[in-house]
Amino acid sequence: MKHSTKVILISGFSLILVILAVFLFVKIRGNTANIFDRQKNEEIPSERLILGFSQIGSESAWRTRNTQSIFEAAEAKNIQLIFDDAQQKQENQLKAIRSFIVYQVDVIAFVPIVEDGWDNVLQEAKDAGIPVIIVDRQIKADPSLYAGFLGENGFEEGRSAAKFLVEKCAKDNRYRINIVEFSGTENSSVATGRAEGFRSVIKDDPRFNIMYSEDGDFLRSRGKEIMDKILAENKGQLMFNGHKIDAIYSHNDSMTLGLLDSLKQKQVPANDTIIISIDAEQKSIDALTQGKLNCVVECNPNLGPILMELVKQIASGKEIPKVTYMHESVFTENDDFSLYKPRGY
């Protein structure tokens with residue numbers, strides 16, 4: 001009886017050993033095959049990078065496309081994105097960046113609403129060992145506190161706008177060319193750059209006179225509001241303080257579309273007023289082809305792919321360029337409109 005029990009126990013143990021051996025063999029074969037397949041497809045997985053990104057809001061089609069570009073590129077590069085919408089408030093961005101630090105993301109990127117007020121939070125990120133990339137708008141801060149900037153060159157965009165105006169008026173014999181400026185958000189680097197770039201070109205020609213400039217905060221509603229006020233104060237005419245408005249320089253398409261809304265609503269013709277805008281949204285390009293605008297300077301929102309490459313570089317310990325500008329074009333009334341492609345935003 002004891003002998004029989006012993007045999008059964010040995011047989012059971014042997015069976016367990018056989019099952020384990022088969023399982024391990026299958027497991028090893030499976031793992032080997034998986035490794036081979038991944039090597040063959042060059043898709044060896046690694047730990048996903050985490051990017052904390054704070055956007056200023058969704059005030060325009062340009063900004064919406066800018067955000068979409070970030071999401072699309074993060075997914076394409078298998079980067080986990082923690083996204084925050086600051087809703088046009090700097091205090092919301094400061095909270096978001098500090099939450100990214102607590103979460104210990106690999107890289108932080110954000111679009112600064114204004115230029116000033118970032119030193120403390122950037123120092124906190126640096127102390128935590130988290131690199132920061134400034135996106136779209138630049139800041140006034142110690143350059144050692146952030147890794148680099150990616151975005152547009154607002155100064156050159158302003159210069160491009162002014163160059164078109166100067167060329168357009170090259171054969172104009174008028175003594176004075178009066179300009180009204182719809183400026184972007186006060187204290188934002190892009191508004192400052194676009195204003196300074198524009199002035200750097202026209203300053204040497206005394207004919208050009210910026211007789212009025214107002215902050216429209218890059219909003220369509222504000223563009224309409226400013227133009228409504230100008231028309232109301234000048235008896236429904238495209239004038240300012242009794243002087244004809246010869247040119248309008250708008251820092252972005254949203255404000256431009258707003259002022260066009262006002263002109264249409266009030267039925268005020270603007271055929272002999274030069275209107276220049278920046279961004280190159282589809283609606284502004286449509287307005288250009290319809291003769292409502294004379295020039296549109298591009299501000300490229302599709303910076304997602306380049307941002308993700310910079311994120312990967314810096315996360316691997318490599319330095320990135322201190323400044324990376326996007327490629328941008330200029331669209332004018334002199335173009336062959338049949339060559340235009342849909343903007344996608």
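Here is a short tour of this predicted model, stop by stop.

Before you click, note that residues are numbered from 1 along each chain as its sequence is written. Local features need pLDDT of at least 70 and side-chain atom pairs count only at pLDDT 80 or more, while totals for chains, interfaces and linings use all residues, and side-chain values use heavy atoms, leaving out hydrogens and water.

**Whole chain.** Of the 345 residues, 48% are buried (under 20% relative accessible area; exposed is over 50%, partly exposed in between, with a 1.4 Å probe and protein chains only).

Now select K140 and E115, whose side chains form a salt bridge at 3.9 Å, N to O (a Lys or Arg side-chain nitrogen within 4 Å of an Asp or Glu carboxyl oxygen). K140 sits in the loop between strand 4 (132-136) and strand 5 (148-151), and E115 in the loop between strand 3 (107-110) and helix 4 (119-127), so the pair ties together parts 25 residues apart in sequence. K140 is exposed at 51% relative accessibility, whereas E115 is buried at 10%.

**Helix 7.** Next, pick K224 and D228: their closest N and O atoms are 2.8 Å apart, in a salt bridge. Both lie in helix 7 (residues 220-233), four residues apart, about one turn of the helix.

Zoom in on D172 and R174, with closest N and O atoms 2.5 Å apart.

Terms used. Helices (H or I, at least four residues) and strands (E, at least two) are DSSP runs, numbered from the N terminus.
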